[in-house]
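Here is a short briefing to read alongside the model.

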Amino acid sequence: MGTRSLCLGALVLLLLAAAGAGELRSCEDARKVFQLRQLGPVRGFPQTPRAGVDLQVCSSKNPTCCTKKMEERYQTAAKQDIQQVLQTSSATLKFLISRNAAAFQEIFEMLIKLAENYTSTLFCNTYRNMAIDAATHVQEFFTDVGLFIFGTDISTEEFVNRFFDTLFPIVYSHMINPGLTDVSLEYAECLRMATREIRPFGSVPKIVTRQMGRSLLPSRTFLQALNLGIEVINTTDHLHFSKDCSRALLRMQYCPHCQGLTLSKPCMGYCLNVVRGCLANMAEVDLHWQGYIQSLEELSSAMHGTYDIEHVLLNFHSLVNDALIQAHINGPELSEQVNKICGPPVRRPTRSPGCSFDQNKDNRGLKMVSRDSEETLADRRKEFISHLRLYRAFYGGLADQLCANELAAADGLPCWNGEDIVRSYTHRVVGSGIKAQSGNPEVKVKGTDPLISQIIDKLKHIIQLLQGKSFPKYDKWDLRQTGSGGSVDEQISGDCDDEDGCEGSGSGEVKRVLKITDWMPDKTNLSDVKQIHQTSDGSILDTTGAGCMTMADYMTFMLISLVTLLLSLW
């Protein structure tokens with residue numbers, strides 16, 4: 001087999017050498033390729049070789065099939081060819097990131113909607129008399145959650161406190177002082193302003209603020225990082241090539257055509273020098289791209305428990321329930337404090353409003369079952385990172401990949417060295433990156449491209465965000481917590497402190513760790529499960545409600561949609 005390949009190579013070499021050694025008699029082959037590639041009109045294409053004294057790059061002592069106009073068209077084609085090859089090489093990577101960026105955004109949107117529905121159902125089922133008044137504030141809260149995740153510059157602490165501040169007047173008039181309605185706007189505002197001082201909900205607002213900051217900020221940064229990844233690829237796909245690079249690409253790709261060598265390919269060493277020179281700036285991205293992927297991987301691994309948006313959003317309604325029970329338990333003390341700050345309220349007994357949902361349908365709710373085979377958000381992130389990890393060295397090895405897979409001749413075959421057909425390339429082959437190009441015999445590299453410098457600066461910044469170094473307001477998330485033992489999950493579900501929300505402020509029986517795909521439609525209503533809590537004086541508080549049928553139907557639909565979405569992305 002080796003002898004056969006050697007003979008074939010020798011035959012090709014002889015044929016190509018014959019074409020390049022003064023034997024060129026016709027330009028028909030070059031003309032056909034020029035026409036087939038649609039590089040321009042062929043009416044000015046020479047029928048027979050001519051002297052190429054007017055050529056600037058493809059000059060030769062032998063007769064040539066090129067004119068100055070054709071040389072210009074070849075140079076344009078050479079730049080288009082390399083850009084096309086670059087875009088083809090990055091297409092899979094770009095699709096991987098853009099597809100997942102869109103998928104994660106859609107999942108986050110659905111999680112927010114699902115969490116909002118859980119919270120609305122809590123009020124409708126368990127605290128029916130407050131449901132209508134609380135609905136607007138619940139909606140506003142989750143609108144703020146969405147705005148924050150998708151990039152709006154707002155404070156999680158601010159919108160969490162705003163939610164509980166606006167909730168207190170409703171809780172006070174319906175739960176602490178039942179039957180107290182139609183309080184004046186001034187009195188309601190006094191109650192709202194007094195919330196921080198009175199602390200009717202105990203430590204719950206602080207817990208929620210901490211959990212929202214821990215989970216929303218990493219998720220927001222994760223999305224921003226994916227969008228930046230797309231920007232990096234788009235920038236490098238459309239990189240501007242220097243004049244010297246364009247001339248080198250022309251010499252490598254199309255100057256052989258001027259001598260009728262339409263089948264020739266550049267030698268591997270020659271190709272590496274040209275492409276490494278042209279992509280020297282792009283190779284500078286390599287180190288930062290590797291850091292980008294590593295930081296994404298570390299952040300993804302750390303997004304568990306109270307750092308996981310899925311866990312936090314789908315448990316928000318439980319913390320709201322804790323807050324309301326806390327206020328109910330401490331009702332007498334809160335009344336005294338309110339009277340001191342805002343004075344006695346005006347009492348106007350009225351019938352408590354019900355939920356505005358259709359209650360004529362059969363009861364429907366949600367039941368927790370074991371669905372270990374289905375994908376969670378953490379699984380989705382893990383799968384994405386495992387694919388992305390394969391591209392860590394993408395920019396560092398891009399020139400080598402292009403030459404080996406697309407541009408250069410195979411080892412052992414005759415090849416073009418920029419001047420003639422030879423057996424091998426004899427010049428020194430330089431490495432990748434700008435510094436290595438000082439000795440490049442084929443391309444002169446002058447300095448760093450400003451666009452590449454901008455991309456590198458953006459990568460440095462996003463790496464800092466991914467590592468939690470640019471947010472002094474929030475503690476840096478501990479990227480080392482999640483080893484093989486999954487210590488974050490153990491901390492959240494085991495011996496964690498009050499600030500993590502593991503110790504309830506009234507409803508300690510509520511489970512904290514949920515998965516989206518653990519919830520499946522069933523005819524068991526949430527209201528069928530008795531919610532009984534023991535108060536500080538030993539009495540029993542039953543907070544079971546009557547149920548919201550249409551809302552539960554809608555939640556079932558949302559859950560099925562979310563599971564379907566996750567499975568479709570598997």
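Which residues in helix 4 meet which residues in helix 5? From helix 4 they are D133, A134, H137, V138, F141, D144, V145 and F148, and from helix 5 they are T156, F159, V160, R162, F163, T166, L167, I170 and H174. Contact here means heavy atoms within 4.5 Å.

Before going further, a word on the source: this is a predicted model, in which local features need pLDDT of at least 70 and side-chain atom pairs count only at pLDDT 80 or more, while totals for chains, interfaces and linings use all residues. Residues are numbered from 1 along each chain as its sequence is written, and side-chain values use heavy atoms, with hydrogens and water left out.

**Overall picture**

- The protein has 20 helices and six strands; these are DSSP runs numbered from the N terminus, with helices being H or I of at least four residues and strands being E of at least two.
- Of the 570 residues in the protein, 52% are buried (buried means under 20% relative accessible area, exposed over 50% and partly exposed in between, with a 1.4 Å probe and protein chains only).
- Among contacts with a separation of 6 or more, 82% join residues 24 or more positions apart.

**Helix 4 with helix 5**

- The axes of helix 4 (residues 131–149) and helix 5 (residues 156–176) come within 10 Å and cross at roughly 175 degrees. Axes are lines fitted to C-alpha atoms, for helices over the stretch in contact, and angles run from 0 to 180 degrees between N-to-C directions.
- That angle makes helix 4 roughly antiparallel to helix 5 (under 35 degrees counts as roughly parallel, over 145 as roughly antiparallel, 65 to 115 as roughly perpendicular and the rest as oblique).
- By class, the contact of helix 4 with helix 5 has ten nonpolar, four polar and three charged residues. Ala, Val, Leu, Ile, Met, Phe, Trp, Tyr, Cys and Pro count as nonpolar, Asp, Glu, Lys and Arg as charged, and the others, Gly among them, as polar.

**Helix 7 with helix 14**

- Helix 7 (residues 204–237) and helix 14 (residues 316–329) have axes that come within 9 Å and cross at roughly 165 degrees, and are therefore roughly antiparallel to each other.
- The crossing of helix 7 and helix 14 is left-handed (left-handed if the near helix is turned anticlockwise from the far one by less than a right angle, right-handed if clockwise).
- V204, I207, V208, Q211 and M212 in helix 7 meet F316, L319, D322 and A323 in helix 14. The contact of helix 7 with helix 14 divides into seven nonpolar, one polar and one charged residues.

**Helix 12 with helix 18**

- The axes of helix 12 (residues 286–302) and helix 18 (residues 450–466) come within 9 Å, crossing at roughly 20 degrees. That makes helix 12 roughly parallel to helix 18.
- The crossing of helix 12 and helix 18 is left-handed.
- On the helix 12 side, H288, W289, G291, Y292, S295, L296 and L299 meet I456, L459, K460, I462, I463 and L466 in helix 18. This contact has nine nonpolar, three polar and one charged residues.

**The buried side of helix 17**

- In helix 17 (residues 398–407), the buried residues are L398, A399, L402, C403 and L407. They cover an arc of only 130 degrees around the axis, which puts them on the same side of helix 17; the arc is that of the directions from the helix axis to the C-beta atoms.
- An α-helix has 3.6 residues a turn, so residues three or four places apart point the same way.
- These buried residues of helix 17 pack against helix 3 (68–126), helix 8 (243–253), helix 10 (268–278) and helix 11 (280–283).

**Residues to click on**

- V338 lies in helix 15 (residues 331–342) and, at 0% relative accessibility, counts as buried. Leaving aside neighbours within four places in sequence, V338 is in contact with F168, Y172, Y187, L191, I198 and G343.
- I198 is found in helix 6 and is buried, with a relative accessible area of 7%. Beyond neighbours within four places in sequence, I198 is in contact with F168, L334, Q337, V338 and I341.
- R199 lies in the loop between helix 6 (185–198) and helix 7, and at 51% relative accessibility R199 counts as exposed. Phi of R199 is near 55 degrees, a positive value in a residue other than glycine.
- Q259 is in the loop between helix 9 (255–258) and helix 10, and at 9% relative accessibility Q259 counts as buried.
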